[in-house]
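Subject: Structure handover

Hello,

Here is the structure for you to look through. My notes follow below it.

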Amino acid sequence: MRILSRRLLHQLSFKQAIRLRTYSTGKVSDFGQPTPASHPQLMKEGELTPGITTEEYISRRKRLLELLPEKSLAVIAAAPVKMMTDVVPYTFRQDADYLYLTGCQQPGGVAILSHESGLCMFMPEAKPHDVVWQGQIAGVDAALELFKAEEAYPMSKLDKILPNMIKRSSKLFHNKLTATPSYTDLETFQNAAHVGKVSDLSIFTHELRWAKSPAELKLMRESAAIACQALLQTMFHSRAYPHEGILSAKVEYECRMRGAQRMAFNPVVGGGPSACVIHYSRNDQKIKDGDLVLMDVGCELHGYCSDLTRTWPPCGSFSSIQEEIYDLILQTNKECIRLCKPSATIRQIHNYSVELLCKGLKEIGILKRDEYRTYHQLNPTSIGHYLGMDVHDSSMIIYDRPLKPGVVSYLFQRSPLL
């Protein structure tokens, strides 16, 4: 009898919860991602994602159509859900190109852009079971109402509608990194690829994403500010807790407490010799007295990344040689930042940094001969990279391209000698 009573109470509570949920959300449509109506504390009216207006997304699509050849078709798939185990997914992160053009933060969709039809979105269809377990998702109605697509259909109709669109196009572009069998298995797509009509869309989208709008720059400054404050708090924390794993957890905690949705990449926290490993990710050692710790970290705020690298002594003081090398790197960094002006290139700035460091390391007595070759053995990395929606943003843009207003670059100096 007691067990039956508990079950009835559980069922009653569940039904009450369903009614409460229905009542509480009845006045606000749930599109599966924040909107000004559902998250007024996060978004302003007119914004499609925090900080970016619907009009800016429409403008991005218009600019892409201006770059695309006449009668061409762009196919952009959302990022897939990746599974950690058979039932546990990894945290979802949207493909940057799909997010940049649609504003949709959810998996399962395919967007088509053409001069003939504008934006056509194929959206996943929510099943009752999925809604119970995962919540609402954006469907056809959201594509038209929220994302302002000219046409929208359920994904189940893609194989009936897209082939005709491909047949009418003279050239087909798609995002190779997120290509999905839902369209690559179509006979019309494979025929187009066979005759050389299919190319990578990134040559156009990376061009668009390279120079940021004022709204994007504002988000990037906020992302950088969060990461700076988080790293500063972690540095204060390091003397009492000189452990790589603890410092990694601390910087992530501080980023999230300040509003970041996630880290931009797995934090690199290398103490002593581990700092020599460029993408060190084990973060499982205690930092010894007298060793320095290098942290390469960044966070993501509403789709925009930051990236910082700092090196310091958790024990509180540098040795004389550590201080000498640190000061050389710091001064080189300041000189290179002065070069970050329109018409300069990342490659020019990198080459200048190598000259300064080689000269300084030779004066210290670390480099003696064949200094350039020896230097590149010590530090095989470039001085920096473009930064934006991805950590290594707009990777199709070469480092010989002159910088211009709106372009964001991450510059760092990193010496394994420390």
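D97 and R209 form a salt bridge, with their closest N and O atoms 2.6 Å apart. A salt bridge here is a side-chain nitrogen of Lys or Arg within 4 Å of a carboxyl oxygen of Asp or Glu. This pair links distant parts of the chain: D97 sits in helix α3 and R209 in helix α9 (residues 202–210), 112 residues apart. Helices (H or I, at least four residues) and strands (E, at least two) are DSSP runs, numbered from the N terminus. D97 counts as buried because its relative accessibility is 2%, and R209 counts as buried at 2% as well. Buried means under 20% relative accessible area, exposed means over 50%, and partly exposed is in between (1.4 Å probe, protein chains only).

Before the rest, a note on what you are looking at. This is a predicted model, in which local features need pLDDT of at least 70 and side-chain atom pairs count only at pLDDT 80 or more, while totals for chains, interfaces and linings use all residues. Residues are numbered from 1 along each chain as its sequence is written, and side-chain values use heavy atoms, with hydrogens and water left out.

Other salt bridges

The structure holds 20 salt bridges. In one of them, R258 meets E254 with the closest N and O atoms 2.5 Å apart. R258 is partly exposed, at 33% relative accessibility, whereas E254 is buried, at 8%. Salt bridges that share partners also join R93, D97, R209, K212, R262, E300, D390 and D393 into one network. Another pair is K160 with D159, at 3.6 Å from N to O. K160 is exposed, with a relative accessible area of 56%, and D159 is partly exposed, with 43%.

The largest pocket

The largest pocket has a volume of about 1200 Å³. The search used a 1 Å grid over the protein atoms alone: a pocket is an open set of points with protein on both sides within 12 Å along at least five of seven lines, a cavity is a set where a 1.4 Å probe fits but cannot get out, and lining residues have an atom within 4 Å of a point. Grid points are joined across faces, edges and corners, and the volume is the space filled by probe spheres set on the points.

Which residues lie nearest the centre of this pocket? They are G32, F92, Q105, Q106 and P107, out of 42 lining residues. The elements that give two or more residues to the lining are α3 (96–102) and α4 (128–134). Of these, α4 gives the most, with four residues. By class, the lining has 21 nonpolar, 14 polar and seven charged residues. Ala, Val, Leu, Ile, Met, Phe, Trp, Tyr, Cys and Pro count as nonpolar, Asp, Glu, Lys and Arg as charged, and the others, Gly among them, as polar.

Sheets and strands

Six strands form an open sheet with mixed pairing, in the order β6-β5-β4-β3-β7-β8. Its edge strands, β6 (151–154) and β8 (198–200), each pair on one side only. Two strands pair if DSSP finds at least two bridges between them. On average, neighbouring strands of this sheet are turned by 20 degrees against each other, direction ignored. For that angle, axes are lines fitted to C-alpha atoms (for helices over the stretch in contact), and angles run from 0 to 180 degrees between N-to-C directions. Within the sheet, β3 (residues 72–77) and β4 (residues 110–114) are antiparallel and share five bridges. V75 has I112 in β4 as its bridge partner.

A three-stranded open sheet has the order β9-β12-β13 and antiparallel pairing. Two bridges hold the antiparallel pair of β12 (residues 299–301) and β13, and L301 stands opposite Y304 in β13.

How many residues of strand β11 (residues 293–297) are buried? Five of the five are, so β11 is largely enclosed by the rest of the structure. V293, M295 and V297 point one way from β11, and L294 and D296 point the other way. Strand β10 (residues 268–271) pairs antiparallel with β11 over four bridges, and the bridge partner of G271 in β11 is V293. Strand β14 (residues 308–312) also runs antiparallel to β11, joined by five bridges, with T311 in β14 as the bridge partner of L294.

Regards
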